[in-house]
Amino acid sequence: MKVTTHRVGEHEAVLTAYVQDPSEELPDVRRRPGVLVLPGGGYLLTSDREAEPVALAYLAAGFNAFVLRYAVGPDVPVARSRADGRAALRWLRRHTDEVALAPEQLAVAGFSAGGHLAVSLAAGQDDPPDALVLGYPVVLEELGALLGKQIGDVLGELDARTPPTFVFHTVPDEVVPVRHSLELLAALDRHGVPFEAHLYPEGVHGLSLARRHTAGGRPEMVEPVVGGWMEDSVRFLRRAFGVD
């Protein structure tokens, strides 16, 4: 594995790339589908639990993976976070050779507020990502008051150009109510966007991979059934990209 860091966009956000080393025994790694990971954190931080562990899980599943540390903080407008996201997408599209990325096979995976950012990068855009993976995403403007941000309601920006979307959420989530995902799914359906959704009857907010190594020592962050979302999303992305 080769790990490199890159500065992207006007504000030089940090993009970390995790790329499988080429090998004569692995001829298919010369070009891999990719996943750009946008950690959550309420636009106040970018969670380590939803960053490298997620990227490494996708790397192990056959994707090259990238983590963006987009602009966050109490005084940082969401527009700047979105600009960082767009810059990362542009950089990856322009440097496919450098990061061994297969053309038109780049997904964005976002969690919580990172899910809000992911949807904003896909909704109403002429060059959206090729797929979305969303974990307990924020999509309704009402949550902005809790975050202390003007986040915007991204559902109104969705259209038929929105790429195939995978969503998972836990029904008891008390931070980002499952209603966010339900309304997102209804909007995707209205626009004829293919989607797959998994709503789990147990689990708190912010589970990441829902495994012990992403739990931060908190037992409630381990939910093996919810952890199945990763394998399901890999299957979804392979189908969306038309790869084995």
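Helix H1 spans residues 52-60, and its buried residues are Val 54, Ala 55, Tyr 58 and Leu 59. Here buried means under 20% relative accessible area, with exposed over 50% and partly exposed in between (1.4 Å probe, protein chains only). These four cover an arc of only 140 degrees around the axis, which puts them on the same side of H1; the arc is taken from the directions from the helix axis to the C-beta atoms. Helices (H or I, at least four residues) and strands (E, at least two) are DSSP runs, numbered from the N terminus. This is a predicted model, where local features need pLDDT of at least 70 and side-chain atom pairs count only at pLDDT 80 or more, while totals for chains, interfaces and linings use all residues. Residues are numbered from 1 along each chain as its sequence is written, and side-chain values use heavy atoms, leaving out hydrogens and water.

So what covers the buried residues of H1? The cover includes strands E2 (13-19) and E3 (32-38), along with helix H6 (229-241). Just after H1, Gly 62 takes a positive phi of about 105 degrees.

The loop between E3 and H1 holds Thr 46, which counts as buried at 14% relative accessibility. Leaving aside neighbours within four places in sequence, Thr 46 is in contact (heavy atoms within 4.5 Å) with Pro 39, Gly 40, Arg 69, Tyr 70 and Val 72.

As for nonpolar cores, each is a set of buried Ala, Val, Leu, Ile, Met, Phe, Trp, Tyr and Cys residues joined through side-chain atoms within 4.5 Å. The largest has 47 residues, and Leu 15 and Phe 66 are among those with the most contacts inside it. A second, separate core of 31 residues includes Phe 166 and Phe 236.
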